[in-house]
Amino acid sequence: MEDQATVNVARWRNDVAQALRACKPRKSRMDEDYNPPRDPDGPTPKPRGRPPKDPSKHSDHTKRVPLNDNPEALLKHSSLPSSSGKGSARSRSRSRTAKTFEQRKTTATIDLPYLGSCVPHVERRSYEAVRAKYKQLPEPVANLFSALTNIPHSVIPEPLQEQYLNDPSALIDPPHHRDFLPVEDTPYELSRLPALKILVDQIVREASFNHRMDAIERQWGGTVFGWLCGHLMSWPYDQPFRLLNIEQCSIEPSELHTKMPNGTRLIYSTEVESITDSSAEEDSNLKGVKKMVDWCLALALGYKDEDILEKAFTTIHANECSVNQSLSYIRRSPIFLDVELKKKQPATDPEVELAIWASGALQKKVHHGWDPTLPMPAITIEGHIWSWYMFIPKRGKSNAMGLLMLGPFSMGTTASLVGAWKIVYRLNILIKWGTTEYSKWFQDEVMGWARGRMGPPDEGDSSMSELWVKGMGGKDH
């Protein structure tokens, strides 16, 4: 058997060898096109490729220089750059065309310390440092800060305790007994708690899905922040409000743009391609910054207030016809809360974007003479983590207006059920503030200004006569 196996192997090897000898190498189609068959009667073609090198001739780079015999030749043929020649000329040319600190500023390089040297300046400060320096903060600032920081540890309404503890299977982390807020301290109407529970549970599930799937920012905003605010819009607050997507809204006009230390203004754009580094090089006055915040909450004005504003707008320049820092579709929307969404490790700093947007709002108030002392709250959402901020106006050198930025402070997290209820608790505080304190400020400052721009009404219009008396231009009889 072993002899027969040996014979079979030998025959197989012989057959393979014969087959290989019978095979002829075949040129590829590329080779046939590049080097077609030569005509036997034609001229002899020149060989392709480089001619063989003459070993007696060497280029400067192939000469071998003894290390100790000729130091000058070693320096000449060294790969290190010399003190003169093309290398140094190229370096000198680059140094002459180097950009200045201001010219290099783009969205990715602008940070809060840089905004501290701009106009209006924005400086981050801790609440303790602000209290120590200014002793007494304006009452609206102190009240809102206290309301947002001094929330109870237990935030889940106690009437929902039985539902949560009896059916914990659908939740990532079922709550404990200590997480429930007594009924008398619950800031929500008891009749709305079942629907609110369904919403919060859904937000926790959707946030978990967005995190696992690495969802885009718009998905986070639409399914988490959008759902929550859309539900709260149906609650009976003192004044209706609306949720606005403002990611395509720019700061307008350019006079409201932040001014850099060299006197030029940052140009804000909602299009990435519209302002590039090359265009900034051509004109040093163009400093491209792709900016606007993503969402905002604004008061929903009635038809009468909108009509008064439109009539007042006819008396001023077209670039001034807005109650906020934009001339887009939100120009008649009084914004009381700014929201910026970012994924983890964002390309741009959400704090910088909020600061730039708040600076535009401050300059708008100063331009029209509206009281700028009311705080401007804001929120950042980076994945599961929610943080809140507060911008406080202050006067700096030369009596110039600027902003103090307080924060970040934890608002809650959608990674846990308790964290999600903390978000609802604080967001409810901000909406109540916007529909009461901010609404009163808007009626006194902006609507009072608008009524004053309209002039005395007709004698037959009793409603307008009453508004005129309460406004800026009338006299109380």
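Two strands count as paired if DSSP finds at least two bridges between them. In this predicted model, β9 and strand β10 (residues 385–395) meet that rule, with 7 bridges in the antiparallel sense.

## The strands

Start with β9 and β10. They form a hairpin, and 2 residues sit between them. G383 lies in the turn and has a positive phi of about 70°. Across this pair, I379 stands opposite W388 in β10.

β9 has another partner. β8 pairs with β9 in the parallel sense, over 5 bridges. Here E340 has T380 in β9 as its bridge partner.

Is β9 enclosed or open? Of its 7 residues, 6 are buried, so β9 is largely enclosed by the rest of the structure.

Now move to the other neighbour of β8. Strand β7 (residues 295–299) runs antiparallel to β8, and 4 bridges join the two. One of the contacts is between A298 and its bridge partner in β8, I335. β7 also pairs with β4, in the antiparallel sense and over 5 bridges. In that pairing, N245 has W295 in β7 as its bridge partner.

How many residues of β7 are buried? The count is 5 of 5, and the strand is mostly covered. Both of its faces are covered. W295, L297 and L299 are buried on one side. C296 and A298 are buried on the other.

## The cavities

A search of the whole structure finds 4 cavities of 30 Å³ or more. The largest cavity holds about 210 Å³ of space. Its lining is made of 19 residues. Which of them come closest to the centre? They are I335, A361, K365, M376 and Y438.

By class, the lining has 14 nonpolar residues, 2 polar ones and 3 charged ones.

## The salt bridges

The structure holds 10 salt bridges.

| Pair | N to O distance |
|---|---|
| R124 and E351 | 2.3 Å |
| E247 and R218 | 2.8 Å |
| E310 and R332 | 3.2 Å |

Take the pair R124 and E351. Their side chains meet in a salt bridge. R124 lies in strand β1 (residues 122–124) and E351 in helix α13, so the pair ties together parts that are 227 residues apart in sequence. Are these two residues buried or exposed? R124 has a relative accessible area of 33%, so it counts as partly exposed. E351 is at 12% relative accessibility, so it counts as buried. The cut-off for buried is under 20%.

Next come E247 and R218, whose side chains also meet in a salt bridge. E247 is in the loop between β4 (241–245) and β5 (266–269), while R218 is in helix α10 (residues 217–232). The two are 29 residues apart, and the pair links distant parts of the chain. E247 is partly exposed, at 21% relative accessibility. R218 is exposed, at 53%.

In the pair E310 and R332, the closest N and O atoms are 3.2 Å apart. E310 lies in helix α12 (residues 303–313) and R332 in the loop between α12 and β8, so this pair ties together parts that are 22 residues apart in sequence. E310 is partly exposed at 31% relative accessibility, and R332 is partly exposed with a relative accessible area of 28%.

One group goes beyond a simple pair. E340, K342 and E353 are linked in a network of salt bridges. E340 is also the residue whose bridge partner in β9 is T380.

## The cysteines

How many disulfides are there? The count comes to 0. A disulfide needs two cysteine sulfur atoms within 2.5 Å. Cysteines in this model include C229, which is buried at 0% relative accessibility. C321 is buried too, at 14%. C296 in β7 is also buried.

Conventions
Residues are numbered from 1 along each chain as its sequence is written. This is a predicted model: local features need pLDDT of at least 70, side-chain atom pairs count only at pLDDT 80 or more; totals for chains, interfaces and linings use all residues. Side-chain values use heavy atoms; hydrogens and water are left out. On a 1 Å grid over the protein atoms alone, a cavity is a set of points where a 1.4 Å probe fits but cannot get out, and a pocket is an open set with protein on both sides within 12 Å along at least five of seven lines; lining residues have an atom within 4 Å of a point. Grid points are joined across faces, edges and corners, and a volume is the space filled by probe spheres set on the points. Ala, Val, Leu, Ile, Met, Phe, Trp, Tyr, Cys and Pro count as nonpolar, Asp, Glu, Lys and Arg as charged, and the others, Gly among them, as polar. A salt bridge is a side-chain nitrogen of Lys or Arg within 4 Å of a carboxyl oxygen of Asp or Glu. Buried means under 20% relative accessible area, exposed over 50%, partly exposed in between (1.4 Å probe, protein chains only).
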